[in-house]
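Here is a short report on one protein chain.

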Amino acid sequence: MANHALVQELMAAYSSGRNIPTPPPTARDANFNLPAAYAVEAELVRLRRASGRSTVGVKVGFANKALWRVFKLDTLVWAHMYDDTVQFAEDNAASLTIGHMYSPKIEPEIVFRMRSPVGADARDPGAVLSAVDWFALGFEIIDCVYPDWKFTPADFVAAFGFHRALIVGEPQLVEADTIPAVVDQLSAFTIKLLKDGQLVEEGSGKNSLRSPVLCLGELASAISRQPAAEPLAAGDLVSSGTLTESRLIRSGEMWTTVVDGLDLPALTLRV
């Protein structure tokens, strides 16, 4: 059963763009764990749907096995995205108002659109990619309502997975005859993140569980471990984990991400 006081606290924080001055849930309650966090996340989904919004997929968190050891995780975590938080760029450029956010950060990611469900035991990257309709570059904007960006995986899940927006670039269709090549590219490509034309971060596909497509397979498995969770379905979008370090953003900046090794054009976001 969801913690209804926490649900209301989180809804109010995200609606107002203000942080929660008290410590995160795990610091207040030693028994607040991932199952409890997913119950809160599910209640937030219910409330958003009741208000007329629709879920359009999920975003991934903690797609780095080094963090699993630190936080004693055995898989990644996730939270939902909504029809009013996802935006498709025009000509690979977009703008986003962030003045209502508290402490936003930007993360370049690979976004998948599902053609069909992925089996919970899918581990072969070719089989996972065959369930994908297209993939694209994306920018996820995250915002932590807890003080000083201090949180655990359970705190992250409960607070909408920190998801505030997803900007999606031009998609690349997945064709059956290109799957082997794309599997190799997704594990080997590199990426650059620029602010106002200056390089600030570099990353690669390996930063998302060795490949975003492997991350997608792990997500399907992770969702299956939560009995009440909705499985991935055709049409869902999946934002598959950051490819660089997250970076704080401020109004007036222009952010661009460029990839080498994937047939995807650069994506630009002005905030």
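The accessible surface of the chain is about 11900 Å². Carbon and sulfur atoms hold 51% of that surface. Accessible areas come from the Shrake-Rupley method with a 1.4 Å probe, and for residues only the protein chains shown count as cover.

This is a predicted model: local features need pLDDT of at least 70, side-chain atom pairs count only at pLDDT 80 or more, and totals for chains, interfaces and linings use all residues. Residues are numbered from 1 along each chain as its sequence is written, and side-chain values use heavy atoms, with hydrogens and water left out.

The chain has 8 helices and 14 strands (DSSP runs numbered from the N terminus; helices are H or I with at least four residues, strands E with at least two). Its radius of gyration is 18 Å, close to the 18 Å of the globule rule for 271 residues, so the chain is as compact as a globular protein of that length. The radius is taken over C-alpha atoms, and the rule is 2.2 Å times the number of residues to the power 0.38.

| Item | Value |
|---|---|
| Buried residues, of the 271 in the chain | 52% |
| Contacts with a separation of 6 or more that join residues 24 or more positions apart | 76% |

Buried means under 20% relative accessible area, exposed over 50%, partly exposed in between (1.4 Å probe, protein chains only). Contact means heavy atoms within 4.5 Å.

Lys 65 lies in helix 4 (residues 65-71). Lys 65 is partly exposed, at 47% relative accessible area. Lys 65 and Ser 208 are 143 residues apart in sequence, yet 9.1 Å apart in space, C-alpha to C-alpha.
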